[in-house]
Amino acid sequence: MPALLLEGLARHFGEREALSDVSLSLAEGQTLVVFGPNGAGKSTLLRVLATLLRPHEGHVRVLGSALPQEAWAVRGRIGLLGHEPLLYRQLSARENLRFHARLHGVGEARVEELLEAVAMAGRASEPVRTLSRGMVQRVAVARAVLHDPELLLLDEPYANLDPAAVELVRPLIGAACGHTRVICSHDPSGGLAEADMVLGLRDGRVSLVAGAGDVESDAIAELYR
Amino acid sequence: MSARAEAPALGERAEQPARTPVRPPGLAATVNALLRKELLVELRTLESVPGMSLFAVTTFVVFHFALNRNSVEGDLAAGILWVTLLFAAILGVNRLFVADAEEGGFDGFLLAPVDRSAMFLAKALALLAYLAVLELVAVPAFALLLLGPSLGQSLPGLLAVLALGDLGVAVIGTLVAALAVRTRARDLLGALLALPLLVPVVIGGARATAPLFSLTHATGPPGRWLLTLGLYDLVFGLIAFALFDFLLED
């Protein structure tokens with residue numbers, strides 16, 4: 001059974017169609033990279049897959065469960081790293097991670113393990129509002145993988161990270177993690193290197209869907225023209 | 001886990017790691033986690049309780065001068081206390097979900113495999129705690145600035161009435177705050193929705209409190225008003241519990 005199966009997915013906000021007739025299938029353990037200019041519907045797609053938005057048309061199956069009817073069955077099996085870090089600014093990194101760990105039934109040892117992994121153990125007691133964007137992104141990565149999710153939904157996951165930090169989080173959210181991933185990216189070469197499958201969106205519609213081996217960087221660049 | 005563990009080169013597929021089975025937390029554990037977070041955020045920001053308390057004390061000072069009286073008793077005293085507590089509570093209601101809405105707390109919670117009613121219970125308990133602290137400040141200030149009869153004998157009865165009133169404010173306030181927080185005019189909408197729904201609580205609270213503030217010192221609050229408050233709390237508690245999940249849905 002595929003990890004993701006979309007058939008004619010549509011989602012609108014009032015009159016505006018954010019996604020229209022999106023269809024694809026992604027096998028377990030594979031990586032789908034979604035390209036498209038700002039406003040193309042990438043983040044909306046991630047939020048639908050994360051069960052945070054209802055699909056308005058079409059059929060969506062995530063990890064074998066139909067959305068939105070069986071959304072309860074996939075919550076806790078998805079890790080979302082979006083534009084917002086989903087961290088309380090007044091709480092420290094450790095307090096935030098402990099809070100999310102309790103919501104997911106994960107032990108506190110995992111929190112310390114991840115703080116070490118993203119090299120934030122030394123600043124873990126400081127309020128998130130005092131951390132740099134890159135540090136916040138590292139904590140957000142730790143939050144997204146805290147419960148060892150089967151499906152990772154990553155919206156420009158390396159934004160705000162310097163090269164050293166990118167290497168730091170790669171074992172957690174890169175190909176090495178081995179989980180099924182959906183990544184939104186604006187980086188054609190970097191994105192293609194991570195992809196098994198490529199989806200190109202433009203104005204909420206599918207412009208390109210193909211295996212990564214069949215797609216050239218030029219085709220991705222064309223989406224942005 | 002090492003941060004720089006040997007990662008395969010880009011594009012190279014790693015073995016699928018064995019997933020540790022995780023048991024989702026139960027309702028009590030989720031409420032506990034949410035409540036701890038809620039109180040921690042309030043302790044750090046001091047955005048709700050100090051504002052509510054200061055508002056109440058300031059209002060009593062205003063009443064003190066506006067009425068041009070050194071003391072009030074009976075119906076008037078009960079009315080002043082309950083109306084002041086109501087408006088102070090609205091300040092807390094308006095702030096109840098702001099951090100969650102602005103900092104992604106809703107999404108973080110919705111992604112977790114937990115009962116969504118836990119958020120209602122945790123928020124209502126947090127609001128109840130804020131109201132208790134508010135009253136720890138406001139009631140002595142009221143007794144000092146305005147109340148004629150001493151509180152001594154009537155204190156147990158007053159505490160019972162306040163507890164029932166607070167429960168109603170917490171339940172209705174949480175429901176209304178969850179409704180209003182996703183709108184642009186949340187501060188206005190929160191107050192506009194909460195005030196009519198809380199009028200029965202104020203009426204019940206004031207009627208039950210008035211005999212306690214009379215110069216003749218009633219022994220306790222009238223039972224029928226306590227019962228009215230209790231029933232109102234129960235009905236709205238059930239309605240809010242049933243509706244809350246839908247308010248969090250997209």
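Predicted model: local features only at pLDDT ≥ 70, side-chain atom pairs only at ≥ 80, totals over all residues.
Residues are numbered from 1 along each chain as its sequence is written, and chains are lettered from A in the order in which they are written. Local features need a pLDDT of at least 70 and side-chain atom pairs count only at pLDDT 80 or more, whereas totals for chains, interfaces and linings use all residues.

The contact between the two chains takes 44 residues from chain A and 41 residues from chain B, two residues being in contact if their C-beta atoms, placed from the backbone, lie within 7 Å. On the side of chain A that touches chain B, at least two residues each are supplied by β6 (78–81), α3 (93–103), α4 (108–117), α6 (163–173) and α7 (188–194) of chain A, where helices (H or I, at least four residues) and strands (E, at least two) are DSSP runs numbered from the N terminus. The element that gives the most to this side is α3(A), with 5 residues. By residue type, this side of chain A divides into 22 nonpolar, 9 polar and 13 charged residues; Ala, Val, Leu, Ile, Met, Phe, Trp, Tyr, Cys and Pro count as nonpolar, Asp, Glu, Lys and Arg as charged, and the others, Gly among them, as polar.

Within α4(A), the residues Arg110(A), Val111(A), Leu114(A), Leu115(A) and Ala117(A) are buried, a residue being buried if 20 or more other C-beta atoms lie within 10 Å of its own, exposed if 12 or fewer, and partly exposed in between, with C-beta atoms placed from the backbone.

Helix α5(A) is mostly covered, with 11 of its 13 residues buried, including Met135(A), Gln137(A), Arg138(A) and Arg143(A). The buried residues of α5(A) pack against β6, α3, α4, β7 (151–155) and α6 of chain A.

Elsewhere in chain A, strands β1 (residues 4–13) and β2 (residues 16–26) pair in the antiparallel sense over 7 bridges, pairing requiring that DSSP finds at least two bridges between two strands. Leu5(A) stands opposite Ser25(A) in β2(A), and in the hairpin of these strands, which has 2 residues between them, Gly14(A) takes a positive phi near 65°.

The secondary structure of chain B comes to 9 helices and 0 strands, and buried residues make up 44% of its 250 residues. The C-alpha atoms of chain B fill a box of roughly 85 × 35 × 35 Å, taken along the principal axes. Among contacts in chain B with a separation of 6 or more, 86% join residues 24 or more positions apart. Met119(B), found in helix α6 (residues 117–145) of chain B, is buried, with 26 other C-beta atoms within 10 Å. Leaving aside its neighbours within four places in sequence, Met119(B) is in contact with Leu34(B) and Phe109(B).
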